[in-house]
Amino acid sequence: MIVEARGVGFAYPPSRPRRAHPFRLADLAFGLAPGEILGVIGPNSAGKTTLIRLLTRVLEPAAGEILLEGRPLARLDRAEVARRVAVVPQGVPPQFPFSVEELVLMGRFPHAPARYFEDAADRAVAHGAMAAAGVLELAALPLDSLSGGERQRAVIARALAQEPRLLVLDEPTAHLDLRHQAEAATLLRRLNRERGVSMLLVSHDLNFAAEVCDRLLLLAAGRPVRLGTPEEVLEAPVLEAVYGCEVHVEKSAASRRPVVQVVWPDARGR
Amino acid sequence: MSPRARLAAALGVLTLVLLAVAALALFLGGAAISPRAVLAALAGRAGAQSVESVVTLSIRLPRIAVAALAGGALAVAGVAFQALTRNPLAEPSVLGVSGGAAFGVVIAQSLGLGFGVLGAAGLTAFAFAGAVVAAGAVYLIAGAGRLSVQTLLLAGVIVGLFFASAITVVISLLDVNRLGGVIYWLLGNLGTLPPASLGLFALSAAAGLGLVLVHARELNLLALGEEAAQQLGVDADRLKIRIFAGAALLTASVVAFAGPIGFVGLIVPHALRMLLGADNRLLVPAAFVGGASFLLAADTLARSIVAPGELSVGVITSFCGAPVFVWLLRTRYRALL
Amino acid sequence: MPKLLVLAALLGLAAPAHALSVRDMLGREVTLAAPPARIVSLVPSVTEILFALGAEDRLVGVTDFCDYPPAARRKPRVGGMLTPSLEVIAALRPDLVVATTEGNREETFAQLRRLGVPVYLVAAHHLADVWDAIARLGALTGREAAAGPLLAGLRARVRAVEQAVAPRPRPRVLYVLWPEPLIVPGRESLVTELIARAGGRSITAAEGSDYPRFGLEAAVARAPEVILLANHSASAGPIDRERWRGLTSVPAIRAGRLHAVDGDLLHRYGPRVVDGLERLARAIHPEAFR
């Protein structure tokens, strides 16, 4: 198992009143096998982002434990975690002043934090990562000058440069148009197949998750509801209970994965 | 070109510029001394008690050292603070620290400490005390332990404003004869320092520089956002505190030994960023040398333009700094468009 | 506010009877209803002059800095020179306020005039101005009888100093008002004239305005033979000689001729300016006064 969560619980301290209702994560348990792509889905505020923060030690669980390759996460220091787990965030902050190559090289930091400049080995790894993500030709360009899709791939390259065992993707298709969504799906599956990278993918896009992931974990209000294959998890009654609206689930003719459609409320009235 | 090579090239060029400016500064000044006499004094061939020896070795040389150190320290503090707050307008004086240090010195001068045997030592101690109080206030307001960078900027501005008003109060209570000196000092007072003070200045500037330099690579990662940096292995809270402490130490040293000087921490980092890019591993060392040249040039101008009188160096940095800054702003925006 | 309006009205009503019209030292016309009996002084120099003239009974208010003679400290205080309290001044019901453009603010004068209080301005850049100020204040307060002998005595002391130093060579003198940054007396400063009369030559006598900022190396290049450090606090410690010790090309340093002088005596333009002159002369020509 790359990652194992056992009975994990967490609550944001009351001094951070970001939510009207205090948020709690409870009884979270799952395992991620090597080479697997696990999707974490659920409504807003279900706990998906909190889960990412727990996996990367930005937050510490209040209950239970998380194991990384069999070792308790709490015993690893930040750099050790970063050498094994890489997060692909939703983007980079605006007005990011660096080039693609400089961004990707940042991914080498956890491997030698004390080094002032990256060495030749670091640059080689970075090159490989940029090639794998398809941004090698863009290496010298400033990040601000790239399109959304290119920027996403550059960020993936940076995560790959960390040489992680586990790639965590936070809403990889947010802000991407259809073509780039398709490209992202292809890229992720290729990385998974060719490099054997295990992935944990957090998404609110059910159909993307269904296409790309081997298994899905459905969260609602901080609790796990279902864990299984996309067919097992994406069943209409389950989704309706969790999302609170009417849905219709079909099987895609092309890939035979489930496709979820919302039944729009107005349509029935007419 | 690899970053290491670029750093070496940048430092090489900037060092040459610094040496050129320093050489110029050695030959210029209110006392009309011929270049040959200056060289003789440097070589030790002029009498120890001759005018050229005293002026060159006891007045100009120490002053060049002070100006260079102050310029370098302010520029590095500017780079650090801009990276820390991810705000290109951040300037060391916005830290609030220079306001506190200036207030400390104004108090000391109005108590007559500038004259006594305690003299420079007393003044410096008061400056650092004021700086520490201001830095502490900013640190506590901004969230002590978990510094919030937005609050940091606001807290710095507020603390700085507070001390500026406090200084105004003290000035209004002083009698006329002391007024002139204090007001001139507030415009920046680069002067000759005795060797002990110079050593202390160099030491504290070096400490601040070291603190920032050691974390230059992590500062780059901070541009990704604090959470992303943490996920890469950076201890963001510890980094913020150390950078803040380094920038505060650098700024406090300058104010304590050379009075408050503005614009250097804004102009030099931006100019260098246009030439070298945003990598702090290059910017921090380059800023130290570049800032030294800049302030040294400004000071040489300040003490030569109206010779035998002198202008405060703050006048030059503001007059030259403001238009340069506007020009930089416009060209940078044009590039972004 | 109503209090001030009433006061203004009263002053207006009280006008014509024995109206005086005088010109102050800046040439402005000042109209008084009668010889002033309640004077507020916003200038320490003027306070000293009034006491020396024996006119202190007419003095009803002084600033926080009016510390000489000691009796002046017992007079009611109206605040600082830059920030006097208009309310306190008005409450003292003065019929004349004496002020200076070097130390008080124009705004203060404007506000006082709006309240109907006459403002008499003084200024002194030369010794002649000091005598003039004493004579005018003597006339204003009806103490001409005291002013005459006072002036005669002061002038005699000045002549004595000048005679004692006349035959001697005039050394180059550097007067330091403030050491860091270096601020010196220029063309318009009273101190420059005093140094000349004390038998010295100020090396900054030709510099512009009254107290310009000066370059240390230019001062060193002019090789002063005597350096005078102005002391401003009553509780002064020993002078900081360390700062100057390294400047070994300067004759004053080599000969150890570094002296502290009392700033109050030399920057105020009351009768004590002659005390200051005598101390200057003693510092510049010690042998003449043994």
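User: Why does B:Phe263 count as buried?

Analyst: Let's count neighbours in this predicted model. B:Phe263 has 24 C-beta neighbours inside 10 Å. The cut-off for buried is 20 or more, so B:Phe263 makes it into that class.

User: And where does B:Phe263 sit in chain B?

Analyst: Look in the loop between α11 (236-258) and α12 (264-276) of chain B. There's something else to spot there: B:Phe263 isn't a glycine, yet its phi is positive, about 80°.

User: Which residue of chain A has a positive phi without being a glycine?

Analyst: A:Ala221 is one, with phi near 50°. You'll find A:Ala221 in the loop between β9 (215-220) and β10 (223-228) of chain A.

User: Why is A:Ala221 called partly exposed?

Analyst: Count again: A:Ala221 has 16 other C-beta atoms within 10 Å. Buried needs 20 or more, and exposed needs 12 or fewer. A count of 16 falls in between, so A:Ala221 is partly exposed.

User: What kind of peptide bond joins C:Tyr68 and C:Pro69?

Analyst: That one is cis, with omega about -10°. As for its place, C:Pro69 belongs to the loop between β4 (59-61) and α3 (86-91) of chain C.

User: How do you know that the radius of gyration of chain A agrees with a compact globule?

Analyst: Set the two values side by side. A compact globule of 270 residues would come out near 18 Å, and chain A has 19 Å, so the two agree. Along its principal axes, the C-alpha trace of chain A spans about 60 × 40 × 35 Å.

User: What is chain A built from, in helices and strands?

Analyst: Ten helices and twelve strands. Of its 270 residues, 40% count as buried. Now take the contacts in chain A between residues at least 6 apart in sequence: 67% of them join residues at least 24 apart.

User: How many residues does each chain bring to the contact between A and B?

Analyst: Chain A brings 19 residues and chain B brings 18. On the chain A side, α2 (78-84) and α3 (100-106) each supply at least two residues. The largest share, three residues, comes from α2(A).

User: What classes of residue make up the side of chain A that touches chain B?

Analyst: That side has 16 nonpolar residues, one polar residue and two charged ones.

How values were computed
Residues numbered from 1 in each chain as written. Chains lettered and ligands numbered in written order. Predicted model: local features only at pLDDT ≥ 70, side-chain atom pairs only at ≥ 80, totals over all residues. Contact = placed C-beta atoms within 7 Å. Helix = DSSP H or I, 4+ residues; strand = E, 2+ residues; numbered from the N terminus. Nonpolar A, V, L, I, M, F, W, Y, C, P; charged D, E, K, R; others polar. Rg over C-alpha atoms; globule rule 2.2 N^0.38 Å.
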